[in-house]
Amino acid sequence: MIQGFFPLIEQKFDKLQEEQIKDRRADIVIPNYNYIVEVQHSHISDSEVICRNKDYSLHNMKLIWIIDGNTEDIEFEELTSGYLIIFKEPWKYKSFIYTYDFIILNIDNKMFRIPLKKISNRMILLKEWKSIEYIVDKLLENPSNIWKEWNDDDEVKAKMTIYQKAAGNGKTFGIWQNIFLNNEKEIFIILIKQHSARDVLLNELKEQEKRKEIHIIKNCSN
């Protein structure tokens, strides 16, 4: 458990004033910097996140959330372009989005900084992770700087590349070659100006198959 890395855990914050909603018990406390780290395994609503933030702020404490990503509701895939994370259960990010800019997602002790407002269609593609030991050290050193430990451009942004080639320069050949060489992707969209170009593309694919082009053979062998 993550709590085992920290010296001060399970500390009570009793209701000392009327504005506090209820007594609280913090998972991890870093008292020198007035920070609490909450480790969340089960469902939590956005209203409870807001209330907990408010209650702890009355004790002059700030919160950092570490979310358990070692569950079936998180899909994780390492790609050549980065790490794809899919949230099957939207609470794991939506419950925090009204109060915070970032959370930490723990997947097999790989700690990912999740920029909440950049998640699209329940998924995000990130460039890097930090080890749990590294993040624990940085939290104990100074938790106010924790979000700087990942690169500012950690999110891998989608991009569109347009190639313009004159007739006879191998555009049709290159389309199929690029598709077969990027076999980690599941969907490709080819836009054509004329309906008849569909037959040209299909015939080119059949010809490449007959010629046993290397990119087709490699893909079929996989």
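I took residue numbers from 1 along each chain as its sequence is written, and side-chain values rest on heavy atoms, with hydrogens and water left out. As the model is predicted, local features need pLDDT of at least 70 and side-chain atom pairs count only at pLDDT 80 or more, whereas totals for chains, interfaces and linings use all residues.

I searched the whole structure for aromatic pairs and found eight (rings of Phe, Tyr and Trp, the latter by its six-membered ring, with centres within 6.5 Å; planes under 30 degrees apart are stacked, over 60 edge-to-face, the rest tilted). I looked up Phe-102 and Trp-147, which are stacked at 5.3 Å centre to centre with 25° between the planes. This pair links distant parts of the chain, 45 residues apart, since Phe-102 belongs to strand 7 (residues 102-107) and Trp-147 to the loop between helix 3 (132-141) and helix 4 (171-181); helices (H or I, at least four residues) and strands (E, at least two) are DSSP runs numbered from the N terminus.

I noted that Trp-147 also stacks with Trp-150, at 6.2 Å between centres and 25° between planes. For accessibility (buried under 20% relative accessible area, exposed over 50%, partly exposed in between, 1.4 Å probe, protein chains only), I have Phe-102 as partly exposed at 24%, Trp-147 as partly exposed at 22% and Trp-150 as buried at 1%.

I then recorded a cluster in which ring pairs link Phe-76, Tyr-83 and Phe-112.

Finally, I checked for charges over rings (NZ of Lys or CZ of Arg within 6 Å of the ring centre and within 35 degrees of the ring normal): the charged end of Lys-110 sits over Trp-129, 5.4 Å from the ring centre, and Lys-130 lies over the face of Tyr-134 at 5.5 Å.
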